[in-house]
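Please read it alongside the sequence and structure shown here.

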Amino acid sequence: MRNVKKDSTYSDGRLEWLDVLKFIGMYLVIIGHASEVFGIHSYRHYIYSFHMPLFFMISGMGFYLQLQKKNWTFTDMLVNKLKRLAWPYITLNLLALPIWYLNHRVLTSADDSFEYTLIAICFSNQKRLGWEANATWFIPTLFFALMLFYLIVTWSRKNRYWIAGISIALGIGGLALSLIRPRLQLPWHLSTVPVAVMFLMMGYFFIENIQTIHRLLEKWYVKIITLILCLAAGLVCARFNVDVSMHINRYGNWILFMGSVLFLSMACYLVATIIPPLGIFKFIGRNTLVLLAFHQSCFRLMENLSPATHQFILDYPILTGTLVMILLLPLCYVVERWLPFLLGKPRKTKKKAEDS
């Protein structure tokens, strides 16, 4: 495999732009969820056209980097992902339960029992059972997609053609399934896994070829021109497609969907390499799981708290999303600094951070 460690890093070897890219993706997720308006006249329409595929691609990049450092067996991979994905899914959702309880049982007088809520979290499909899992649907789906992609990589002995061919075939099968069985609601969003594997593959090969990509985009004006072209092409593709929602397998026109994903994800990558890698960006990039687990319950709390707070969200969704993300940063710090076991990580110092 090609070495990517010569790329821009900081002291613990993490790629700076990759954490910044996670920050960009997380910010888009949060402000996208803050909006309640659908359709081509809403910014949410354009964010939803690519934001979750972007996160699967980022995960594919991280998977490639992990395989560079470790020669994992299937058991090693399984244990690692149980610790770093399945365990945080449980702990973070349980931590968010009091907020959901306040939302449902107190503010809206819903009659969901505690047992039903736990079952809904374990099922992880809010279209079938409850809403408590919310944005964390991504975590179990990523777990199964990564395990399947690991089998593809190892079975093919890291042959690029086999990896690409099998992953694309699975992706096409997943897209076809969305047309044949559009209302298929499996636990852990298993019906989304084939499409997720395809995006993992894209991130995997992107980071493998990152040195070539950086050489092609080395000059600043090339980056700017490419950014403008990618934004224009991606927005056009999204404009003429339906409202995309990966967690319910709604993709609309496949060509337009893939166009918006590839062009707008590339635009986000370019922005991540252009803007300064500020510490706050990298901090948010390291704590996406915590933000993923808590931001939507905060939005629902604001919606149910009073007509004034609900109207504020309707009038200022981007501002609301930004404020919620900022207000959750102390929680991210507490978890990262003192409670990393909630994320399946050992306690660490500021000078020695473990790769996420």
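A residue is called buried under 20% relative accessible area, exposed over 50% and partly exposed in between, using a 1.4 Å probe and protein chains only. By that rule Trp 338 is partly exposed, because its relative accessibility is 43%. The model is predicted: local features need pLDDT of at least 70, side-chain atom pairs count only at pLDDT 80 or more, and totals for chains, interfaces and linings use all residues. Residues are numbered from 1 along each chain as its sequence is written, and side-chain values use heavy atoms, with hydrogens and water left out.

**Confidence**
- The protein chain has an average pLDDT (the predictor's confidence in each residue, from 0 to 100) of 91, and 92% of the residues score at least 70.
- Over residues 8-12 pLDDT stays under 50. The model has 13 contacts (heavy atoms within 4.5 Å) for this stretch beyond four places in sequence.

**Nonpolar core**
- A nonpolar core is a set of buried Ala, Val, Leu, Ile, Met, Phe, Trp, Tyr and Cys residues joined through side-chain atoms within 4.5 Å.
- The largest such core holds 102 residues, and Trp 17 and Phe 199 have the most contacts inside it. Helix 8 (residues 193-208) gives the most to this core, with 13 residues.
- Helices (H or I, at least four residues) and strands (E, at least two) are DSSP runs, numbered from the N terminus.
- Leaving aside neighbours within four places in sequence, Phe 199 contacts Pro 53, Phe 56, Met 57, Met 246, Phe 257, Met 258 and Val 261.

**Leu 67**
- Leu 67 belongs to helix 3 (residues 51-69) and is buried, with a relative accessible area of 10%.
- Not counting residues up to four places away in sequence, Leu 67 touches Trp 72, Val 153 and Tyr 204.
- Leu 67 and Tyr 150 are 83 residues apart along the chain, and their C-alpha atoms are separated by 9.7 Å.

**Aromatic rings**
- Rings of Phe, Tyr and Trp (its six-membered ring) pair if their centres lie within 6.5 Å; planes under 30 degrees apart count as stacked, over 60 as edge-to-face and the rest as tilted.
- The count comes to 22 aromatic pairs. One of them, Phe 312 with Tyr 316, is tilted, at 5.2 Å centre to centre and 50° between the planes.
- Phe 312 is partly exposed at 28% relative accessible area, and Tyr 316 is partly exposed at 45%.
- Tyr 333 and Trp 338 form an edge-to-face pair because their planes are at 85°, with ring centres 5.5 Å apart. Tyr 333 is partly exposed at 32%.
- One aromatic cluster consists of Phe 63, Tyr 64, Phe 149, Tyr 204 and Phe 205.
- The charged end of Arg 239 sits over the ring of Phe 240, 5.1 Å from its centre; this requires NZ of Lys or CZ of Arg within 6 Å of the ring centre and within 35 degrees of the ring normal.

**Cysteines**
- The whole structure has zero disulfides (pairs of cysteine sulfur atoms within 2.5 Å), according to a search.
- The sulfur of Cys 230 has its closest cysteine sulfur in Cys 268, 10 Å away, which is too far for a bond.
- Cys 230 is buried at 8% relative accessibility, and Cys 268 is buried at 7%.

**Positive phi**
- Trp 188, in the loop between helix 7 (160-180) and helix 8, has phi near 60°, a positive value in a residue other than glycine. Trp 188 is partly exposed at 33%.
- His 189 lies in the loop between helix 7 and helix 8, with a positive phi near 55°. His 189 is buried, at 1% relative accessibility.
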